[in-house]
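Hi,

Here is the structure I promised to pass on. Have a look at it first, and then read my notes below.

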Amino acid sequence: MDAKFFKLLLLGGVVRFYFVRTSLASLISDRVEFATPLNSQKRMKEGIYLLDQGIDPYSGDLVHESPLVLKALSGLFLNFPQWLPIFYIVLDLLTGALLYNLSVRFVKQKLQKQRLERKNYAKDTEQLQYNDDDNYDIPELVLIAYLFNPLTVLSCIGLTSTVLSNLFLALFLYFLTNGLLLPCIVLLAFETVRSLYPIVLMAPLLLVFARRSIVGGVILSVLFAVACIIVAAASYLVMHSWTFLDGTLGFIFYFRDLQPNIGLFWYFFTEMFEHFRTMFLITFQLNATVLYLVPLSLKLRKEPLLLATVLVALMAVFQAYPSLGDVGFYLALLPLWKRCWKYMAHGFVVFTFFMVTLSMMGALWHLWIYAGSANANFYFGATLAFSTGQIFLITDLLFAHVKREFCLYNGQKIMIDGEEARILLK
């Protein structure tokens, strides 16, 4: 950590502190692109108040945050509400610092791996290899991509609990990169009981700690299950009731709130005939969890952090209640794969998708809800295009990784009959 790191961290805090004191903060806290039924600060505040009054916050259909989070933050919300913005800003800066440190560790691991494998690399692949400059450049890019991404900044000033989710995911990735098993399992169990979808991150955890060991994989899976049970039991001790399971995991799985968001669920289930709902519910949830898990785990078995990055990105696209804060988190991880950028062919397309759809969402929402001159199809069209842009980005990264791996060992130029061959990935 050099002086530049602390300057960037300070500047990121100043930016957040400036905007959190403006009217933009209250506007963002009500925007469906950032505040969902799961992460809304107003719903969390209501849940903390109900819990403080001895009323079960899950008896209605308003609160869906974990009881442990409600209990942990109750003192701050009830006694020091004026410090809430500072608290969220500090958590967001801590997330940035964790991403920076895991990036430093990641680059060192890559350099060590390259020293062992360099004798097998082709001669013209120097620009595809990590070098000593990446020890500084990549962590700095990751930090900048998180601290100054408008999506993460706005999510923070809106006081959404996505700030907490990003912190827990950053901690998990940090411990995963440093090879700390117990903290990884505890954090993953907590996030799984809290929001379901992080269960897919068991795949990179198994690849790191139980590679080529079926017995080790079974033991880790049992430890994870025990940790989930312990987290659920701790939540029960807070609530003295199991209603929180239906209010959190049940609410997510059965998708009970059709409030529009940037995801794909709400429009389909608004239009869905009731007798088809169960079938499509299972289909959508499988798509958001296990559908891509096995093929990606097999293909990226040597790159667990890339697997984790792709799985986090897929969660941000396909989960039931996504927000733009989730998107901002995985975008900050992309500089880790700087050496793949040479082969990413759709950068302009993805950038255009993001810029156009993000700018259109607010306008189409206003036309639909306030002006009454549009309908749900307009807004869903923008969110669908935004999800398509994210899929382009994820597949582009995967293809670029495969091309880089091929070229590292075979060279960037392959000659056939004296002519340079064109490499196509199909």
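**Salt bridges and a surface patch**

E140 counts as partly exposed, because its relative accessibility is 22%. Before going on, keep in mind that this is a predicted model.

E140 pairs up with K4 in a salt bridge, with 3.0 Å between the closest N and O atoms. The two sit in distant parts of the chain: E140 belongs to helix α6 (residues 134-147) and K4 to helix α1 (residues 3-20), 136 residues apart. K4 is partly exposed too, at 43% relative accessibility.

One is R16 with D92, where the closest N and O atoms are 2.8 Å apart. R16 is in helix α1 and D92 in helix α5, so this pair ties together parts that are 76 residues apart in sequence. Are these two buried or exposed? R16 is buried at 0% relative accessible area, and D92 is buried at 1%.

Another joins R194 and E191, at 2.8 Å from N to O. They are three residues apart in helix α9 (residues 181-195), so about one helical turn separates them. Both R194 and E191 are buried. E65 comes in here as well: E65, E191 and R194 form a network of salt bridges.

Now for the surface. F17, F80, W83, I86 and V90 make a nonpolar patch of about 480 Å². Of these, F80 lies in the loop between α4 (67-79) and α5 (84-117), and F80 counts as partly exposed because its relative accessibility is 44%.

Cheers

How values were computed
Residues are numbered from 1 along each chain as its sequence is written. This is a predicted model: local features need pLDDT of at least 70, side-chain atom pairs count only at pLDDT 80 or more; totals for chains, interfaces and linings use all residues. Side-chain values use heavy atoms; hydrogens and water are left out. Patches are made of residues with over 30% relative accessible area and no salt bridge: like charges are joined within 9 Å, nonpolar side chains (Val, Leu, Ile, Met, Phe, Trp, Tyr) within 5 Å. Accessible areas come from the Shrake-Rupley method with a 1.4 Å probe; for residues, only the protein chains shown count as cover. A salt bridge is a side-chain nitrogen of Lys or Arg within 4 Å of a carboxyl oxygen of Asp or Glu. Helices (H or I, at least four residues) and strands (E, at least two) are DSSP runs, numbered from the N terminus. Buried means under 20% relative accessible area, exposed over 50%, partly exposed in between (1.4 Å probe, protein chains only).
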